[in-house]
Amino acid sequence: MLNAKELWKENEQQRANRMKAMRPVLAGLFQDIKRHSIQNPDAPYFVFDVPGFVFGYPLFNHDEAVVYVKETLEEQGFSVTYTPVS
């Protein structure tokens, strides 16, 4: 029997597997944010580009990676504004 909850869980697991490449990117981003906050305590903004690929990891959808990074930062309490580059 098909269960919608199981399908959703499976879909989320597949997404998490695709986004494994974002782990080192997020770790570096958190270090950069911390360094920026120490060096520039009066500058509340930080600009970051999500890379299009990460060496040693499978290719991923860049748009999905941007959303993943944005959601992860928001879960950690950061205010995130996405500005697409044209």
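Analyst: Happy to! Let's start with the residues that meet: from α2 come Met 22, Leu 26, Leu 29, Phe 30 and Ile 33, and from α3 come Ala 65, Tyr 68, Val 69, Thr 72 and Leu 73. Sorted by class, this contact of α2 with α3 has 9 nonpolar residues, 1 polar and no charged ones. Bear in mind that this is a predicted model.

Now the geometry. Helix α2 covers residues 22–39 and helix α3 residues 62–75; their axes come within 11 Å and cross at roughly 45°. An angle of 65 to 115 degrees would count as roughly perpendicular and one under 35 degrees as roughly parallel, and α2 and α3 are therefore oblique to each other. The crossing of α2 past α3 is right-handed.

The contact also leads us to the largest nonpolar core, which has 14 residues. Met 22, Leu 29, Val 50, Val 54, Phe 60, Ala 65 and Val 69 have the most contacts inside this core. The elements giving two or more residues to the core are α2 and α3, and α2 gives the most, with 5 residues.

Finally, have a look at Glu 64, which sits in helix α3. With a relative accessible area of 18%, Glu 64 is buried, the cut-off being under 20%. Setting aside neighbours within four places in sequence, Glu 64 is in contact with Arg 15, Arg 18 and Met 19.

Key:
Residues are numbered from 1 along each chain as its sequence is written. This is a predicted model: local features need pLDDT of at least 70, side-chain atom pairs count only at pLDDT 80 or more; totals for chains, interfaces and linings use all residues. Side-chain values use heavy atoms; hydrogens and water are left out. Axes are lines fitted to C-alpha atoms, for helices over the stretch in contact, and angles run from 0 to 180 degrees between N-to-C directions. Helices (H or I, at least four residues) and strands (E, at least two) are DSSP runs, numbered from the N terminus. Angles under 35 degrees count as roughly parallel, over 145 as roughly antiparallel, 65 to 115 as roughly perpendicular and the rest as oblique. A crossing is left-handed if the near helix is turned anticlockwise from the far one by less than a right angle, and right-handed if clockwise. Contact means heavy atoms within 4.5 Å. Ala, Val, Leu, Ile, Met, Phe, Trp, Tyr, Cys and Pro count as nonpolar, Asp, Glu, Lys and Arg as charged, and the others, Gly among them, as polar. A nonpolar core is a set of buried Ala, Val, Leu, Ile, Met, Phe, Trp, Tyr and Cys residues joined through side-chain atoms within 4.5 Å. Buried means under 20% relative accessible area, exposed over 50%, partly exposed in between (1.4 Å probe, protein chains only).
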